[in-house]
Amino acid sequence: MDLTTYAELAVLLVNGADRLESLAGLRLLLNESGRGARAARATRADLEAMRALRAELVAVFESADAGEEDDAVARLNALLIRHPVHPLISGHDGQRWHLHLNEDGGIADQYAVGCVMGLAALVTDLGVDRLGLCDAAPCRRAFLDTSSNRSRRYCSERCASRANVAAYRARKRRVAV
């Protein structure tokens with residue numbers, strides 16, 4: 001079971017505020033996350049529940065990014081209690097027996113089980129400081145730092161390049177003055 005892939009679901013949701021503006025957007029997010037079968041039955045109640053889950057996950061990333069490890073872990077523990085994880089042995093599509101997470105309940109509950117368990121595994125394996133928010137202003141998109149030296153600061157290469165160019169130009173202006 002690749003729990004980092006499950007943790008990426010949290011990043012997708014945290015960074016997908018625009019997808020939660022409408023039911024069609026929620027369905028698109030669910031399709032992008034590999035949950036297309038559930039997308040067709042999404043309701044307005046599911047949309048509201050996903051918005052609430054997103055807000056809780058944003059708070060986890062903000063706490064982690066601010067170095068408030070105890071708060072981030074407390075928030076994750078609260079989510080784990082609210083969305084209990086039940087592993088199942090599964091064999092499908094010609095694959096060997098492997099573990100899946102049983103995703104009972106509504107769409108938000110199903111989504112939460114994977115992303116919260118993935119974040120919990122990442123935090124316990126690598127540390128809370130592996131949950132980050134992009135340093136490139138005004139971006140602040142979430143990311144998972146799975147680098148070997150804990151050096152990731154940006155959500156994407158685009159933001160890293162933009163920040164580096166801005167820093168270069170600022171240094172040039174200081175030298176020219």
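Reader: What makes C155 count as buried or exposed?

Author: This is a predicted model, and the label comes from a computed value. C155 has a relative accessibility of 16%. Buried means under 20%, so C155 counts as buried.

Reader: What about C159: why is C159 given its label, buried or exposed?

Author: The relative accessibility of C159 is 6%. The cut-off is under 20%, therefore C159 counts as buried.

Reader: How many disulfides does the structure hold?

Author: The structure holds 0 disulfides. C155 is in no disulfide, and the nearest cysteine sulfur, in C139, is 3.6 Å away from that of C155. A disulfide needs two cysteine sulfur atoms within 2.5 Å.

Reader: Where is N15, and what makes N15 buried or exposed?

Author: N15 lies in the loop between helix 1, residues 3-14, and helix 2, residues 23-32. Its relative accessible area is 17%. Buried means under 20%, so N15 is buried. Leaving aside residues up to four places away in sequence, N15 touches R141 and A142.

Reader: What makes helix 4 roughly parallel or roughly perpendicular to helix 6?

Author: Helix 4 spans residues 44-65 and helix 6 spans residues 107-126; the two pack at an angle of about 15°, with axes 9 Å apart. Angles under 35 degrees count as roughly parallel, so helix 4 is roughly parallel to helix 6. The crossing of helix 4 with helix 6 is right-handed. Helix 4 brings D46, A49, M50, L53, L57 and F61 to the contact, and helix 6 brings I107, A108, Y111, A112, C115, V116 and L119. By class, this contact of helix 4 with helix 6 has 12 nonpolar, no polar and 1 charged residues.

Reader: What makes helix 1 roughly parallel or roughly perpendicular to helix 6?

Author: The axes of helix 1 and helix 6 cross at roughly 115° and come within 7 Å. Angles from 65 to 115 degrees count as roughly perpendicular, so helix 1 is roughly perpendicular to helix 6. The crossing of helix 1 and helix 6 is left-handed. Among the residues that make the contact are L3, Y6 and L13 of helix 1 and Y111, C115 and L122 of helix 6. The contact of helix 1 with helix 6 divides into 13 nonpolar, 3 polar and no charged residues.

Reader: How many helices and strands does the chain have, and in what order do they run?

Author: The chain has 7 helices and 4 strands. From the N terminus on, the order is α-α-α-α-α-β-β-α-β-β-α.

Reader: How many residues does the chain have, and what share of them counts as buried?

Author: The chain has 177 residues, of which 40% count as buried. Along the principal axes, the C-alpha atoms fill a box of roughly 65 × 35 × 35 Å.

Note on methods
Residues are numbered from 1 along each chain as its sequence is written. This is a predicted model: local features need pLDDT of at least 70, side-chain atom pairs count only at pLDDT 80 or more; totals for chains, interfaces and linings use all residues. Side-chain values use heavy atoms; hydrogens and water are left out. Axes are lines fitted to C-alpha atoms, for helices over the stretch in contact, and angles run from 0 to 180 degrees between N-to-C directions. Angles under 35 degrees count as roughly parallel, over 145 as roughly antiparallel, 65 to 115 as roughly perpendicular and the rest as oblique. A crossing is left-handed if the near helix is turned anticlockwise from the far one by less than a right angle, and right-handed if clockwise. Contact means heavy atoms within 4.5 Å. Ala, Val, Leu, Ile, Met, Phe, Trp, Tyr, Cys and Pro count as nonpolar, Asp, Glu, Lys and Arg as charged, and the others, Gly among them, as polar. Buried means under 20% relative accessible area, exposed over 50%, partly exposed in between (1.4 Å probe, protein chains only).
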